[in-house]
Amino acid sequence: MRASPRNPFNHWSEILVSDFMSAQTRTETDSLGSVEIPASAYWGVHTARAHENFPIARRPISVYPDFIRAFACVKQAAARANLEIGALDEQRATLIDRACEEIKTGMLHDQFVVGVVQGGAGTSSNMNANEVITNRALELAGHEKGDYAYINPNDHTNHSQSTNDTYPTAIKIALAFSLGSLLEELRLLSESFAVKGREFSHIIKVGRTQLQDAVPMTLGQEFNAFAVTLREDIERLQEAVSLLGEVNMGATAIGTGINAPKGYKESVIRHLREITELDLETAGDLVESTSDTGVFVTFSGALKRSALKLSKISNDLRLLSSGPQAGLGEINLPARQAGSSIMPGKVNPVIPEAVSQVAYAIAGSDVTVSMAVEAGQLQLNAFEPIIAHSLFQSITWLERACQTLRVNCVDGITANEDRLEDMVARSVTVITALAPVIGYAEAAKLAKEALATNAKVSELVVSRGLLDQDALDDILQPSKLAGLAPETGAIPVITGDAAAEGADA
């Protein structure tokens, strides 16, 4: 008889990191039986089974450090609340608290090994946290890992809790933590565009609508608009994150608060606010809050909005820099790497291209979040793990995209002033400024003739006797053509302070 093909994921130990492979083991038991656990591991039997069951993404939850830190905050607040109401003795509560504090500082993150894609509505992540915290607490007390008779992952570290309140709470806290870094990168990128707006404020160019010549503007106005639109996204993201402050700690399984002692709900939210320094509050209806994941749709939508607008800006940069000889060629992007294996000297706009690809991924993640939110049934949404993974990946990638766009592209952009000046001089777009004086029909005729003969509009206007040179020069002042402030000849530009004030509003 031919042997069956070997399942590469048949045993969890086959997909664990190599230093666990050669370690001595300890035996841990759950309701399904016993499992050998590497003696050095801080995780236990529940984590081992999840590791075996979900070898899907090959990415552990530790790739999102803010999520691990947030989980430690949740468990720490629970320990303090349980101590306060007398549900947990001081010695165990203190040891759990100390272990959580260490994890918050970055210790033991490599022990959070369950995959980002998992069944069970996040139970695997919650148990991974319970086991790591418990075994570190045991170690602090001088006990062996796995000595759960002294401190137990379920009975003590998870006391008064359920995955169904700790997991979504940790997700919301982690998103609030992560957003701070993203907002800072958006602020810096906005300021970089504002700096270019000031640098290019004197350069007149042809503005375009539908890729066709429209009316004159300045290159500074174009770049300042990029700065302003990014500042608006900062404000929208802050509005979205404010919705994350409502959490369901104390809800336990489905929102009824079963197994949560009296006073726990009030105590845990107070400690959680103190630990995280976030404006958190307990949801008014815990049953509704436990089943409703609509806030993640709103937050995901805000990320998508920001990503797509960033992609639009990236597309504009690619168009404006196209060429360098046969395209628009109005600006120069920094040359970052060789652009072709066959065309010598070719340089491509690789940074904006990468940013747009991030935007496409975030748009796809938004669809995933939307479908997962819709698929929740009855009192719980089982698909929060893919919601969490999608949001954490989106916020991480968007932050990094902003950084590389700023550092490797925007800060080094230069203008082709001679080309822009020549394009404006030969453009018929100035005819729009003359239409109120000479009439729309006459202006249209002049534009058609200028295009056919390659003559300058200004020369045709004077030769036809429609305006004298002084009147023409007054109408065609660069400041008037571009709508600049008459007293200064400049446009208002966003400054670093203004950007920060807008973001903090």
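These legends describe close-up views of aromatic rings in a predicted model.

**View 1. F67 pairs with Y167.** The structure holds nine aromatic pairs. One of them joins F67 and Y167 in an edge-to-face arrangement. The ring centres lie 5.8 Å apart, with 80 degrees between the planes. This angle is over 60 degrees, so the pair counts as edge-to-face. The partners come from distant parts of the chain, 100 residues apart. F67 belongs to helix α3 (residues 65–84), while Y167 belongs to helix α7 (residues 163–199). F67 is buried, at 3% relative accessibility. Y167 is buried too, at 2% relative accessibility.

**View 2. F71 also pairs with Y167.** Here the two rings are tilted.

**View 3. Five residues form one aromatic cluster.** The members are Y64, F67, F71, Y167 and F392.

**View 4. R69 sits over F177.** The charged end of R69 is placed over the ring of F177. The distance to the ring centre is 3.9 Å.

**View 5. R92 sits over Y150.** In this view the ring belongs to Y150, and the charged end of R92 sits over it. From that charged end to the centre of the Y150 ring is 5.2 Å.

Definitions and conventions:
Residues numbered from 1 in each chain as written. Predicted model: local features only at pLDDT ≥ 70, side-chain atom pairs only at ≥ 80, totals over all residues. Heavy atoms only, no water. Phe/Tyr/Trp six-rings, centres within 6.5 Å; stacked < 30°, edge-to-face > 60°. Helix = DSSP H or I, 4+ residues; strand = E, 2+ residues; numbered from the N terminus. Buried < 20%, exposed > 50% of the residue type's maximum accessible area, 1.4 Å probe, protein only. Lys NZ or Arg CZ within 6 Å of the ring centre and 35° of its normal.
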